[in-house]
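Trainee: Could you walk me through this model before I set anything up with it? I'd like to go slowly and ask as we go.

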Amino acid sequence: MDAKKHVANFGAGPAKLPRSVLLEAQKELVDYKGLGISVLEMSHRTSDFSKIIKTAENCLRELLNIPGNYKVIFLQGGGSGQFSGIPLNLIGLKEARCADYVVTGAWSAKAAKEAEKYAKVNLVHPKLSSYTKIPDPSTWNLNPDASYIYYCANETVHGVEFDFVPDVGKAVLVCDMSSNFLSRPVDVSKFGVIFAGAQKNVGCAGVTVVIVREDLLGFALKECPIVLDYKVQVENSSLYNTPPCYSIYIMGLVLEWIKNNGGAMAMDKFSQIKSQMIYDIIDKSNGFYVCPVEKKSRSRMNVPFRIGSIKGDEALEKEFLDKAVENNMISLKGHRSVGGIRASLYNAVTMEDVEKLAMFMKSFMKMHPKQT
């Protein structure tokens, strides 16, 4: 690809994929490993697809050092499907049928609202006036009768990220890691369930990874759709129904790419460097760029900011986005619910992409000296 035509994609998801993965998929699209057919045409019941799905699982287990008493399944429905899947599978763990929810942004708020259909939901801290921080865990009001405690590790809309795993003792901890999955090492043994939509850090849209401790299987409510029943899917090796075959294939390629590039530890290091590059410009801009999130809760994955003031200057932000596109940088517009600018810096976003954005932010600021 001509360097002048290289597009830096800062989309929040579906997001950028590693170029080597795209080239491999392109090469194998028409003829997968000499079979004469594409993965898109391949039956999920064949030994060839079984190898694809098993290879992806094994690579994931290696990358996260997943203990043997945890099962890995690949489901459909995205993270939003698991907003239902979690309570449907776990609320029956205790008779009280209640769950604790830590609401720190749009996605955990949606998850809590969905859970109310099946359970009594306890919000562990008072509703935040704005999603700009993570309340101190010492202030959380946890219910000892709760079947599980739920939180979202990284809120893509508001740019709020946990840099710690909440200590909840022996309670069942559930985490939505959709937008920072495999961007840092994780001690899986601290969780009952981890789930992640693939389309941000580990693949393309269509497949959701669920990692579930085996002693939590078999408690699904009778109302639970069978395709969301973890026990059924585990017993059928994610093949109870036709899975998102091509999305699993792509995810397998991305997992291999992560493995070959230093694993979760290396992804963590690069994430810190990339995000700090942008936060440094924001913090040294004399208020020209403003990030609303408290520093200790800032996301490495999604960097939201306003231009001109904390509320943003609409004209300046439109000019910024227009000029960014002229410079082959796309998907920098903030989520429709909050506006502003958002740069998503997932694993496949390169250092060169981020350096390009940083240089553009500096030059744009110099074009508007009266605003600084």
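Mentor: A word on the annotation before we use it: UniProt positions are given in the numbering used here, feature names are shortened, and annotations may be inferred rather than shown by experiment. This is a predicted model, in which local features need pLDDT of at least 70 and side-chain atom pairs count only at pLDDT 80 or more, while totals for chains, interfaces and linings use all residues. Residues are numbered from 1 along each chain as its sequence is written, and side-chain values use heavy atoms, with hydrogens and water left out.

Trainee: Ok, which residues does the UniProt domain annotation cover?

Mentor: The unreviewed UniProt entry gives "domain: Aminotransferase class V" for residues 9-357. Over that range the chain is 33% helix and 15% strand, with end C-alpha atoms 10 Å apart; helices (H or I, at least four residues) and strands (E, at least two) are DSSP runs, numbered from the N terminus.

Trainee: How many aromatic pairs does the structure hold?

Mentor: There are 17 aromatic pairs, where rings of Phe, Tyr and Trp (its six-membered ring) pair if their centres lie within 6.5 Å, and planes under 30 degrees apart count as stacked, over 60 as edge-to-face and the rest as tilted. One of them is the stacked pair of Tyr151 and Phe191, at 6.5 Å centre to centre with 25° between the planes. This pair links distant parts of the chain, since Tyr151 is in strand β5 (residues 149-152) and Phe191 is in the loop between β8 (173-176) and β9 (193-197), 40 residues apart.

Trainee: And is Tyr151 buried or exposed?

Mentor: Tyr151 is buried, at a relative accessible area of 2%, and Phe191 is buried at 1%; buried means under 20% relative accessible area, exposed over 50%, and partly exposed in between (1.4 Å probe, protein chains only). Phe288 and Phe364 make a tilted pair, with 6.1 Å centre to centre and 45° between the planes. Phe288 lies in the loop between α7 (263-283) and β11 (289-290) and Phe364 in helix α9 (residues 351-366), so this pair ties together parts that are 76 residues apart in sequence. Phe288 is buried with a relative accessible area of 0%, and Phe364 likewise has 0%.

Trainee: Which residues do the ring pairs link into a cluster?

Mentor: The cluster consists of Phe288, Tyr289, Phe305, Phe320, Phe360 and Phe364.

Trainee: Switching to the core, which residues touch the most other members there?

Mentor: In the largest nonpolar core, which has 85 residues, they are Phe181, Tyr289 and Phe320; such a core is a set of buried Ala, Val, Leu, Ile, Met, Phe, Trp, Tyr and Cys residues joined through side-chain atoms within 4.5 Å. Helix α6 gives the most to this core, with 10 residues. A second, separate core of 32 residues includes Tyr131, Tyr150, Val172 and Leu221.

Trainee: What about α2, what should its span be?

Mentor: Helix α2 (residues 47-64) has 18 residues and should span 26 Å, and its end C-alpha atoms are 26 Å apart, which agrees; the expected span is 1.5 Å times one less than the number of residues. Its buried residues, among them Phe49, Ile52 and Leu60, pack against β2 (70-75), β10 (208-213), α6 (245-260) and α7, with contact meaning heavy atoms within 4.5 Å.

Trainee: Last one: how many disulfides does a search of the whole structure find?

Mentor: The search finds 0 disulfides, a disulfide being a pair of cysteine sulfur atoms within 2.5 Å. For Cys224, the nearest cysteine sulfur, that of Cys98, is 19 Å away. The sulfur of Cys245 is 12 Å from the closest cysteine sulfur, in Cys204, which is too far for a bond.
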